[in-house]
Amino acid sequence: MSSVHETLRRDFGGTIIEPGDDGYDDAARTALAAAHPAVVLRPRTVQDVQAAVRFAAGSGLALSVRGGGHSFAGFGTGDGVVVDLGGLAAVEALGDTRNTVRVGGGAHWGDVAAALAPHGLAISSGDTKSVGVGGLTLSGGIGWKVRRYGLALDALVAAEVVLADGTVATASADENPELFWALRGGGGNLGVVTTFVFEAHPTTDLFFGRITFPATEAAEVLQGWAEYLRTAPEELTSIANLANPFAGGPEAPLEIHVAFDGDDQEAADRALDPVRRLGTVLVDDVALTAYPDVLVEGATPPPGIRVLAHDGFVERDQVPEVLQILAEVGTSAGSPSIAIRTVGGAVARVAGDATAYAHRQAELMVATVTGGPEAVVEAARPGVEAIWDKLTPHLRGAYANFLTSATEQDVADVYPAGTYDRLAAVKRRYDPANLFAHNLNVRPA
């Protein structure tokens, strides 16, 4: 180990943080997880990332790669080698006719939105400023522009990747195309992405806010909401929230959050008025908002707080049954926080085998979250599991970014059999020893 350390200190030009060093405790934990790394490496260059990967491979220690550090499952830290990409966070609009943007692997989506706003550009991303570009993109990217512009990974046109052997590869439609296919949905299984190249789109301000209804009207409003979104303009993306723990839990109003991607008041009203007519409106705070301000700040729970999250996709024929279950659960004592996200639109126009993200025909994505001290979360677990026992027969697949576990079943839910087999073949080529295993892991074929 000591000789490997000597090689690391010779080749690695970034910051090395070990137990006992100043800042170790902060470097060891992420927003949602804590661990005791043997070493945290903060590279400044691609060459540093190469040295870090080679060190991890030679050390025999498990490797964790951190982008934004918001992984629900805690993939951004571990008890071995942690490579923190926060020093590779530059965002550059290249000014070409394709609106190409180069983004460092350690950037956050708030950085990207703020950097692109002066150019009148945006990338369809998640909904939280502090979430990392890398983790979100590699596994999907469902956010406020998803119905109009697709997933974050759908905007990706190229990536620079440090592979398991420490070499650097470029992945695009023309160069290493099978690696490019796998990166778009395969999570952290294939390497460390040091640079993402996206094709951004012109943007304006958005009409953004929430329209709330009494909890007693949840069942009817949810069914009407989902039916309307099938034919609504693709500029409209929406999330329904039930059992908001900060607004009364099961007695909280049903919150229909909306984002109309455009600044035309009349067009926005035409798109949003059918939502307003679904029930008794309690609050309507929809207003024209700059896209960077649509993204929220990500909360970092204090130490000792645990999060239990589940999710699943809903295809059209199962929507009524799922919404009925959720309306009943969300207005009953002990309900977890529930979010129902619209997908469809531009996402569904991409073939299911075009990327390693395979769940293109889903209309909705459902997620539940329970948080608190460990004893509270464990006490709530049986009830949450019972809810998911009811939901699971009506779901097809899962979204990697909202899972707090990484079981074999989770992996099977995220990657259908055909997708998994193809990923395993790519994995065998680029990571045969499974160095990149701290993820929803695909084993080399």
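1. The lining includes Ser 139, Gly 185, His 359 and Tyr 415. On a 1 Å grid over the protein atoms alone, a cavity is a set of points where a 1.4 Å probe fits but cannot get out, and lining residues have an atom within 4 Å of a point.

2. This is a predicted model, in which local features need pLDDT of at least 70 and side-chain atom pairs count only at pLDDT 80 or more, while totals for chains, interfaces and linings use all residues. Residues are numbered from 1 along each chain as its sequence is written, and side-chain values use heavy atoms, with hydrogens and water left out.

3. The whole structure holds three cavities of 30 Å³ or more. The largest cavity has about 50 Å³ of space, a volume being the space filled by probe spheres set on the grid points, which are joined across faces, edges and corners.

4. Helix 9 (residues 265-276) has among its buried residues Ala 267, Leu 272 and Val 275. Buried means under 20% relative accessible area (1.4 Å probe, protein chains only); helices are DSSP runs of H or I, at least four residues, numbered from the N terminus.

5. At the start of helix 9, the backbone nitrogen of Glu 266 has a side-chain oxygen of Asp 264 within 2.9 Å.

Methods. Buried means under 20% relative accessible area, exposed over 50%, partly exposed in between (1.4 Å probe, protein chains only). Helices (H or I, at least four residues) and strands (E, at least two) are DSSP runs, numbered from the N terminus. A polar contact is a pair of N or O atoms within 3.5 Å; within protein, one must be able to donate a hydrogen and the other to accept it, and residues adjacent in sequence count only if both atoms are side-chain atoms. On a 1 Å grid over the protein atoms alone, a cavity is a set of points where a 1.4 Å probe fits but cannot get out, and a pocket is an open set with protein on both sides within 12 Å along at least five of seven lines; lining residues have an atom within 4 Å of a point.
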